[in-house]
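Here is a short report on the structure shown below.

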Amino acid sequence: LGAGESRLTLEVATPEPAAPAPRRRRLNLATPALLGLPVSWLAVFFLAPVAIVAAYSVDVLVLFPGPHGFTFAAWRSLFSGSTPYLHLFAKSIEMSLTVSAVVVVVAYPLAYFLALSGTKRKYILLLVLIAPFLTSYLLRVLAWKVILGDQGVVNTFLFWTGLRSPEHPLSFLLYSRFAVMLVLGYVWLPFVALPIFVTLDTLDRGLLEAASDLYASRLQAFVRVTLPLSAPGVVAAFLFVFIPTVGEFVTPSLVGGTGGYMYGNQIVDLFGAGFPDWETGSVLALFLLAVIAILTVVFVRFLRAGEARVA
Amino acid sequence: MDVALSRNGRRIMRVFFAIVIVFLYAPIAVLLVFSFNRSPVPVFPLTGFTLRWYRDFLTNTEIRGALETSAIVAALASVGSVALGVLAAIALTRHRFRGQLGVTALLLSPLVIPLVVLGISLLLLFHELGIQPSILAVTIGEIVIVLPYTILVIMPRLQQIDASLAEAAQDLGAGPLTTFRRVTLPLILPAVVSAYLIAFTTSFDEYAVASFLVGSRQTFPVYLYSALRFPSRLPQVIAVAVVVLLVTLVVIVAIELWRRRAEARLEAA
């Protein structure tokens, strides 16, 4: 299932132990020869750029020539609270958390239905569910712009039917925090069902039958067996939405207005043409990266711990 | 008795599933409807059927140029990332080496990096190196983004096939390149094609990182984004959007079905 399925294997599936190297190896391609190119590609175009951002964040590299030297000034001002950035970060976290939670709650029953209802067409239905995720991101955002605007589909439909007068459109629909959250939820919903589906689909139905033999009701079986066993998928799904949305800037810049302005927009603006401040922008970017790196590490640990318990 | 769902539960969930599918496809349908609407603004009521917007975009050189640029970027980025991805996937599945965990983490890390951070990082790198924003810069960034996808699509397939087949070929005197070309590649081909198309469609469509790195030649998503600010261009943009969207949808579904069938056939053989 493309990007979705593949991304999933990263977190949900155990990284399979590599096959032991064949002992009677003749002209085998050596590991360094295989890994040289991909690893150096990421070293040059991923690690080095991040190091440069770090250099900018402590003023070792600067945009405008002039006296400069190593300083943590921009870092200090981020944490001192004298700048609005932490507040904006908190707002973005809050928006992303809400979107992730809602989307996971909606996706869970979808995944449950596909995995456990015994429908024969589950892979076809799964593909139908996920297909929109694989189409253009911008176009799906564009669709909502057309739908939600003051002259958009919803409002003109309301005028047309006389439910609302043209002088008073529902203007909170577009260019608001609501619009950003709706569109982000819409964009990520299909994808989120996937990790939950995988954990439920691989669930041993015998466990549910055992629960039922022991006189557990369906609800009890769900709460005591299914839900705990699908927890890794749920957490993965949650993070799969949370991680990309917390640094989001495209959707808020298209449908957010001022109310939906997010942390990612702030970073972009600091590197923009108006009043560039690469030092502060680098600090904000690295801070975001650090938070997400920590979250990812904690999550991978959580999965490992879960596997260890099962084993 | 079904242990997972009661009859009513199943019915309710089927309805819920249908509602969500409608919610997911309705906005796409709205774009489709308005792309045939005569009025230049996308508002109700509909004013009549026209193909004008489709004709307009076919003659619009700006749009065609942007589509071409994106096609070039996607073609280069997908070939590059699949080549790197095959190398990395073989190393990670067939070899065991020191620091494997760290290398795996590095190779997959672009999956979780916020695109805004990757975009500005590359912007600063190219700024330091004195490289102008260009198609090449965009392509480099896209390869970073899609490389983990290609690895993750190819790796499970490599794990499925029997490593002893490649060993047998080498025992019979085939060199590593011959072994790859004659044994490994044919077996993993469905996954490689699948990875290639994922890489192609993803990099064709990618806006966030590209927006920091494009030069004078805009890619399609960058053009689309800028066109969204001019209401007069909206109908044409919607028309081209619909075409691109339907093409990707058809390609993705077709390839996925083909991959399943091809892998099943390889299993049977």
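## Fold of chain A

Along its sequence, chain A runs α-α-α-α-α-α-α-α-α-α-α-α-α-α. That is 14 helices and zero strands. The model is a predicted one. Chain A has 311 residues, and 50% of them count as buried. Take the contacts in chain A between residues at least 6 apart in sequence: 71% of these join residues at least 24 apart.

## The interface of chains A and B

The size of an interface is often given as the accessible area lost when the parts come together. Here chain B and chain A bury about 9,300 Å² between them. Carbon and sulfur atoms account for 77% of that area. Three residues, B:Val3, B:Phe17 and B:Phe44, supply 8% of the area that chain B buries against chain A, more than any other three residues.

The contact draws on 93 residues of chain B and 99 residues of chain A. What kinds of polar link cross the interface of chain B and chain A? Seven residue pairs are in polar contact, with both residues at pLDDT 80 or more. The number of salt bridges found across the interface of chain B and chain A is zero.

Which helix of chain B gives the largest share of the side that touches chain A? Helix α1 (residues 7-35) of chain B does, with 15 residues. By class, the side of chain B that touches chain A holds 70 nonpolar, eleven polar and twelve charged residues.

Most residues other than glycine have a negative phi. A:Asp59 sits in the loop between α2 (31-57) and α3 (73-80) of chain A. Is A:Asp59 buried or exposed? Its relative accessibility is 15%, so A:Asp59 counts as buried.

A:Tyr175 is not a glycine either, and has a positive phi of about 55°. Its place is the loop between α7 (153-160) and α8 (177-201) of chain A. A:Tyr175 has 45% relative accessibility and therefore counts as partly exposed.

## Two loop residues of chain B

B:Glu206 lies in the loop between α8 (176-205) and α9 (210-213) of chain B. At a relative accessible area of 7%, B:Glu206 is buried. A polar atom of its side chain lies 2.9 Å from the backbone nitrogen of B:Val209. Beyond its neighbours within four places in sequence, B:Glu206 is in contact with B:Leu115, B:Glu142, B:Ile145 and B:Pro221.

B:Pro133 belongs to the loop between α5 (115-129) and α6 (135-160) of chain B. B:Pro133 is partly exposed, with a relative accessible area of 38%. Which residues does B:Pro133 touch, not counting those up to four places away in sequence? They are B:Leu213, B:Val214 and B:Gly215. The C-alpha atoms of B:Pro133 and B:Ile90 are separated by 33 Å, and the two residues are 43 apart along the chain.

## Aromatic pairs

Over all chains, the structure holds 31 aromatic pairs. A pair of aromatic rings is described by the distance of the centres and the angle of the planes. Two of the pairs are set out here.

| Pair | Distance of centres | Angle of planes | Class |
|---|---|---|---|
| A:Tyr112 and A:Phe222 | 5.7 Å | 80° | edge-to-face |
| B:Phe204 and B:Phe220 | 6.2 Å | 35° | tilted |

A:Tyr112 is in helix α4 (residues 85-116) of chain A, and A:Phe222 is in helix α10 (residues 218-229) of chain A, so the pair ties together parts 110 residues apart in sequence. A:Tyr112 is buried, at a relative accessible area of 6%. A:Phe222 is partly exposed, at 22%.

The pair of B:Phe204 and B:Phe220 also links distant parts of its chain. B:Phe204 is in helix α8 of chain B, and B:Phe220 is in helix α10 (residues 220-227) of chain B, 16 residues apart. Both B:Phe204 and B:Phe220 are buried.

One aromatic cluster of chain A is formed by A:Trp75, A:Phe79, A:Phe89, A:Tyr263 and A:Phe287.

Note on methods
Residues are numbered from 1 along each chain as its sequence is written. Chains are lettered from A and ligands numbered from 1 in the order in which they are written. Side-chain values use heavy atoms; hydrogens and water are left out. Contact means heavy atoms within 4.5 Å. Buried area is the accessible area (1.4 Å probe) that two parts lose on being put together, summed over both. A salt bridge is a side-chain nitrogen of Lys or Arg within 4 Å of a carboxyl oxygen of Asp or Glu. A polar contact is a pair of N or O atoms within 3.5 Å; within protein, one must be able to donate a hydrogen and the other to accept it, and residues adjacent in sequence count only if both atoms are side-chain atoms. Helices (H or I, at least four residues) and strands (E, at least two) are DSSP runs, numbered from the N terminus. Ala, Val, Leu, Ile, Met, Phe, Trp, Tyr, Cys and Pro count as nonpolar, Asp, Glu, Lys and Arg as charged, and the others, Gly among them, as polar. Buried means under 20% relative accessible area, exposed over 50%, partly exposed in between (1.4 Å probe, protein chains only). Rings of Phe, Tyr and Trp (its six-membered ring) pair if their centres lie within 6.5 Å; planes under 30 degrees apart count as stacked, over 60 as edge-to-face and the rest as tilted.
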